[in-house]
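I opened this notebook to record what I looked up, entry by entry, in one structure.

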Amino acid sequence: MSDLDLLATFLEIYRRGSLTAAAAALGVSQPAVSGQLARLESQLDSVLFERSRRGAVPTPRAHELARHIASPMDQLRGALAQDAERRSRQGTVRLGAAGELTASRLVPALAPLVSGGLRLDFTLGLADDLLSALAEGELDLVVSSIRPPAGRRGLVAMPFVDEEFVLVATPTTARSVDQGRLAEDPLAALAHLPIVAYGPELPIVRRYWRSEFGRRPPNPVSMTVPDLRAVLAAVVAGAGISVLPRYLAEPALAAGSLEVLHHTQVQPLNTLYLVTPSGPTPEPVTLVQRQLRRQAETWGPL
């Protein structure tokens, strides 16, 4: 324990008015704070606080000591904080995420960090593949559309942001649907429309149909393409209907080139997770996590 540590503990007690509050602020036990104070008082041969029901009451010697050290200690803390921030911006963070989310949200959110020297290396792919790479030490952080399975130990998942999904079609396609039948039996009313899918197992679309209509879609599949931006382009071009995250479909909806084909009382959501290896998190990864969470607060559901 250095003399600077003893002085820092003293200053916390002085400013917070009690040993208990100082211990909480420092993240140590109350007996540890009491021991540090006793050591400092022994070195100075002075009593610094009187114990009372009001807490730790500073003596005149404590007031004098605080006047001399408060400003230098605050300056030192500021310099150390700046140095920690600088070091957290050094190095490389290897991130994994879906290409659509990376291009539309993650890259703009994280771009300001690279000006301080941080390097970001993105790997684009499906959640299962990215989580496997993370577990094998090939990535530092994954933005995952699924929570890691319970059997996949060594990974820690934190809820990040919710995606909101909409079933979309061109206005011409939407007019081919009988609105009365859509209200009474949406599964049958939509069955004639071809689907543009993200993959052969109809991910996203299948989940929407099961959630809203109670079964897999019986529709024919016109196209499968493993990029939601390409799915969007195909739907706009009239190749079929599909289910997309609202953030991706919103520009086309605002422009009138797409319409929401089916309205629900509660819009289907999917939670995205920030997933890291268990254990201590390196400072650059913590910086990226903090920046993403800060940005997500301004997004709302995607």
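What follows are my entries, with the ground rules first.

**Ground rules.** I am working with a predicted model, in which local features need pLDDT of at least 70 and side-chain atom pairs count only at pLDDT 80 or more, while totals for chains, interfaces and linings use all residues. Residues are numbered from 1 along each chain as its sequence is written, and side-chain values use heavy atoms, with hydrogens and water left out.

**Largest pocket.** I began with the open spaces, taking a pocket, on a 1 Å grid over the protein atoms alone, as an open set of points with protein on both sides within 12 Å along at least five of seven lines, and a cavity as a set where a 1.4 Å probe fits but cannot get out; lining residues have an atom within 4 Å of a point. Volumes are the space filled by probe spheres set on the points, which are joined across faces, edges and corners. The largest pocket holds about 720 Å³. It is lined by 29 residues, of which Ala127, Ser145, Tyr198, Pro203 and Ile204 are the closest to its centre. Two or more lining residues come from each of helix 5 (99–110), helix 6 (127–135), strand 5 (141–144), strand 6, helix 10 (205–213) and strand 11 (269–277); I use helices (H or I, at least four residues) and strands (E, at least two) as DSSP runs numbered from the N terminus. Sorted by class, this lining has 19 nonpolar, five polar and five charged residues, where Ala, Val, Leu, Ile, Met, Phe, Trp, Tyr, Cys and Pro count as nonpolar, Asp, Glu, Lys and Arg as charged, and the others, Gly among them, as polar.

**Cavity.** How many cavities of 30 Å³ or more does a search of the whole structure find? I found one, and the space in the largest cavity is about 30 Å³. Its lining consists of Val196, Ala197, Tyr198, Pro203, Ile204, Val205, Leu228, Val231, Ser242 and Val243. Strand 7 (195–197), helix 11 (228–236) and strand 9 (242–245) each give at least two residues to this lining, which by class has nine nonpolar, one polar and no charged residues. I note that Tyr198, Pro203 and Ile204 are on the cavity lining and also among the residues closest to the centre of the largest pocket.

Helix 1 and helix 4 each contribute at least two of the lining residues, and the lining divides into seven nonpolar, two polar and two charged. Leu4, Leu76 and Leu80 also make a nonpolar surface patch of about 270 Å². A patch here takes residues with over 30% relative accessible area and no salt bridge, joining like charges within 9 Å and nonpolar side chains (Val, Leu, Ile, Met, Phe, Trp, Tyr) within 5 Å; the areas come from the Shrake-Rupley method with a 1.4 Å probe, and for residues only the protein chains shown count as cover. Leu76 lies in helix 4 (residues 60–88) and counts as partly exposed at 35% relative accessibility, since buried means under 20%, exposed over 50%, and partly exposed in between.

**Salt bridges.** Searching the whole structure, I found eight salt bridges, each a side-chain nitrogen of Lys or Arg within 4 Å of a carboxyl oxygen of Asp or Glu. Arg15 pairs with Asp74, the closest N and O atoms being 2.7 Å apart. This pair links distant parts of the chain, with Arg15 in helix 1 (residues 3–16) and Asp74 in helix 4, 59 residues apart. Arg15 is partly exposed at 44%, and Asp74 is partly exposed at 34%.

Is Glu164 buried or exposed? Glu164 is buried, with a relative accessible area of 15%, and it forms a salt bridge with Arg246, the closest N and O atoms being 2.5 Å apart. That bridge joins strand 6 (residues 155–169) to helix 12 (residues 246–255) across 82 residues. Arg246, partly exposed at 23%, also meets Glu250 in a salt bridge of 3.5 Å, N to O. Arg246 and Glu250 are separated by about one helical turn, because they are four residues apart in helix 12.

**Last check.** Thr173 is placed in helix 7 (residues 171–175) and counts as buried at 17% relative accessibility. Its C-alpha atom is separated by 8.1 Å from that of Leu193, 20 residues apart along the chain.

Key
Buried means under 20% relative accessible area, exposed over 50%, partly exposed in between (1.4 Å probe, protein chains only).
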